[in-house]
Each structure stands twice: as C-alpha cells, then as structure tokens.
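I opened this notebook to record what I looked up in one structure. The entries follow the order in which I made the searches.

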Amino acid sequence: MRPAKAFRKGAAEKLRTALKQAKTKSEFQRIQCLWLRASLGLNADQVAKAVGWLPTSVRRLQAQYLKKGDALLKLVGRGGRRHQNLTREEEQDLLATFTVKAEGGGMLEVSQIKWPCEKAGGHAVPKSTVYRMLARQGWRKIAPRPHHPQVDTTRQQAFKKNSPGWWLKSSSSKSDPSARSD
C-alpha cells in the first residue's frame, strides 16, 4: 500500500478550531475524520473505527480535503431542489393566474394547469409533478359532493315535506304484532 499524502502545514490547528465550531453531528464527524489523521496520524481504518464510518468513506473524505482544502469544511449539505422545473417564485406566478377562478368557487382541473406548466418548463411533465407543485404552494383538493346533473332540488324538498313517512314505524308497532295495519 502506498503511503498517505501529508496534510498541509497548520491543518491540525485549523481542524481543531473547526471542530469547536461544528453545529451538527455530521459536520463534527466529517471534521473529526480529518483531524484524527492530521493530528494523530491515524490511518483510514483506525479513523473509521473511531468515528463509526466505513474506511472507504473516510478515504474519500480525506482525498477530497487534499484536493479542495478548507473549502470542504464549508459544505452546506446535500438537500435541495436540484432538478426543479420552475423556481418557487415562478410556480407562484404561474398559479396566480388560476387563483381568481379557484377563489370564485370554480372547478379547476390539473389538466388545465399542466399545459401552462409544460410551456413554462419547456418540456412535458406528468400530472404527479403538477400535484406536487400544488401541494408545495399550499393548494389542496376540495371536491364538491357528488350529485346527479339533472337533480331538481325543489321537487326533492317537496317530497321530503309531503311524504307520508311510510318508512317510519312507531315503537308500539314493533312490540305488538296485532297493531300493524297491513
């Protein structure tokens, strides 16, 4: 096995101060992997045992530190929207055109939003992408209760008021079979 490259002069002191300033556990462990090698001269297997990582992860981190230097310590994290079609502001602007119709109680379908979204993004997107965009912007699905398109509410109300109530049976008819009027 070839000998490990040496860290820059003064790296141990910089890493020690960075250890004190670490805010998260993952950041602390990352810096600790480097500090153990710089100050104590431990190899990757020993550092991995001490930190609880795999030796390959330790080697990879140490190799990146040798290439990038202290800039590696300032990494933020891996989260974020790397493959977004539109920024959050562009999504808000796109949905602002549909807000008037939605607030007025009009029916709004995803297929109506999908086409302008594809036009703004420059390529076709599935409906699930539009649904996620709506959820991200705080929109929610409100569906009206189902009813027949030819329903006549006035006839329904008249039926409810004037019906004889044949389905209602008194409690006395249940106990006394002779009280039935069949």
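**Entry 1: burial and basis.** I began with burial: of the 182 residues in the chain, 24% are buried (under 20% relative accessible area, with exposed meaning over 50% and partly exposed in between, for a 1.4 Å probe and protein chains only). I noted that this is a predicted model, in which local features need pLDDT of at least 70 and side-chain atom pairs count only at pLDDT 80 or more, while totals for chains, interfaces and linings use all residues. Residues are numbered from 1 along each chain as its sequence is written, and side-chain values use heavy atoms, with hydrogens and water left out.

**Entry 2: secondary structure.** I counted nine helices and zero strands in the chain; these are DSSP runs, numbered from the N terminus, with H or I and at least four residues for helices, and E and at least two for strands. Read from the N terminus, the order is α-α-α-α-α-α-α-α-α.

**Entry 3: contacts along the chain.** I took the contacts with a separation of 6 or more, and 48% of them join residues 24 or more positions apart. A contact here means heavy atoms within 4.5 Å.

**Entry 4: α1 and α2.** How do the axes of α1 and α2 cross, at what angle? Helix α1 (residues 11-21) and helix α2 (residues 25-40) have axes that come within 9 Å and cross at roughly 150 degrees. Axes are lines fitted to C-alpha atoms, for helices over the stretch in contact, and angles run from 0 to 180 degrees between N-to-C directions. The pair is therefore roughly antiparallel (over 145 degrees; under 35 is roughly parallel, 65 to 115 roughly perpendicular and the rest oblique). On the α1 side I listed Ala-12, Leu-15, Arg-16, Ala-18 and Leu-19, and on the α2 side Phe-28, Ile-31, Gln-32, Leu-34, Trp-35, Ala-38 and Ser-39. By class, this contact has nine nonpolar, two polar and one charged residues. Ala, Val, Leu, Ile, Met, Phe, Trp, Tyr, Cys and Pro count as nonpolar, Asp, Glu, Lys and Arg as charged, and the others, Gly among them, as polar.

**Entry 5: α5 and α7.** I found the axes of α5 (residues 88-103) and α7 (residues 127-136) within 11 Å, crossing at roughly 95 degrees. These two helices are therefore roughly perpendicular. Arg-88, Glu-91, Leu-94 and Leu-95 of α5 meet Met-133, Leu-134 and Arg-136 of α7. The residues of this contact divide into four nonpolar, no polar and three charged.

**Entry 6: cysteines.** How many disulfides does the whole structure hold? My search found zero, taking a disulfide as a pair of cysteine sulfur atoms within 2.5 Å. Cys-33 is buried, at 0% relative accessibility, and Cys-117 is buried with a relative accessible area of 3%.
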